[in-house]
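Please read the following report alongside the sequence and the coordinates. It takes up charged side-chain pairs, then the fold and the confidence of the model.

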Amino acid sequence: KSVRFKPDRDGNTAMELSQRGKFQGTMHILTAHQGQQLAHQSVPRQPREECTTRYARLGLCAPDARTQALLQVEEEETARQSHIRQMAAEAEEEHEQYRQEDFRRQEQEKAEDEEARQQEARRLQDSREEGGGRSQGTDRGSSRILNHHQGVDVSKGMRVRKSRTRLEYVRANGWDDLSDGADGVLISLLGDGRQCMVRWDNGNENEYAIGYGGLYDLEAA
């Protein structure tokens with residue numbers, strides 16, 4: 001039998017150990033076998049071809065000290081590369097989780113804002129039916145911002161803050177105030193001009209009603 005297939009005391013052969021990357025175990029088996037052969041030889045053998053790291057990994061030769069050192073270097077480099085790949089995979093997974101959480105948060109905020117608008121619109125509609133509000137026709141053509149209960153024409157770049165009604169509604173529902181109580185800038189009008197996009201001074205952005213459905217989420221700062 002070839003020495004590659006002779007097991008050690010744990011039942012592992014040199015071929016099996018080399019395939020699993022256990023080069024030190026492979027070298028131990030090969031070195032022990034080589035020592036046994038030399039002990040029983042009476043005639044010196046011709047020197048063999050140099051044992052390279054490739055042959056040593058395959059269990060085809062017994063490595064000398066230089067080859068053992070090279071094998072050790074290769075094992076360390078393999079372990080280092082494996083560690084780098086693992087760290088990169090973990091970082092990518094963490095980044096993807098953050099992206100998904102941020103997307104869900106934005107979608108939740110949009111859904112909450114839309115639900116708030118619909119509830120406020122239903123509340124205003126109920127008040128109109130009871131005779132306490134303005135006509136729907138007035139709201140439909142409005143694109144103004146409240147300022148001490150007086151209409152102010154809107155324009156891109158004007159400074160705004162959340163209206164008291166909007167803040168009370170947000171707090172009553174336990175939502176986060178994206179403005180943090182600060183002012184912001186109207187950066188664009190949306191649709192027919194009864195909605196707009198605002199960037200708050202803390203960097204957050206969101207859509208707000210300025211007449212849409214009879215709602216006035218903002219007032220001039």
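Asp201 is partly exposed, with a relative accessible area of 47%, where buried means under 20% relative accessible area, exposed over 50% and partly exposed in between, for a 1.4 Å probe and protein chains only. The side chain of Asp201 meets that of Arg159 in a salt bridge (2.9 Å, N to O), a term that stands for a side-chain nitrogen of Lys or Arg within 4 Å of a carboxyl oxygen of Asp or Glu. This pair links distant parts of the chain, since Asp201 sits in the loop between β5 and β6 (205–209) and Arg159 in strand β3 (residues 159–162), 42 residues apart. Arg159 is likewise partly exposed, at 37% relative accessibility.

## Basis of the model

This is a predicted model, in which local features need pLDDT of at least 70 and side-chain atom pairs count only at pLDDT 80 or more, while totals for chains, interfaces and linings use all residues. Residues are numbered from 1 along each chain as its sequence is written, and side-chain values use heavy atoms, with hydrogens and water left out.

## Further salt bridges

The structure holds 13 salt bridges. Another of them pairs the side chains of Arg161 and Glu219 (3.9 Å, N to O); because Arg161 lies in strand β3 and Glu219 in strand β7 (residues 218–220), the pair ties together parts that are 58 residues apart in sequence. Arg161 is partly exposed at 30%, and Glu219 is partly exposed at 21%. Elsewhere, salt bridges that share partners join Asp102, Arg105 and Glu109 into one network.

Glu114 and Arg117 also form a salt bridge through their side chains (4.0 Å, N to O), and, being 3 residues apart in helix α4 (residues 65–129), they are separated by about one helical turn. Glu114 counts as partly exposed at 34% relative accessibility, whereas Arg117 counts as buried at 6%.

## Fold and confidence

The protein has 6 helices and 7 strands, taken as DSSP runs numbered from the N terminus, with helices (H or I) of at least four residues and strands (E) of at least two. Of its 221 residues, 29% count as buried.

The mean pLDDT, the predictor's confidence in each residue from 0 to 100, is 76 for the protein, and 67% of the residues reach 70 or more. Where pLDDT is low, the predicted coordinates should not be read in detail.
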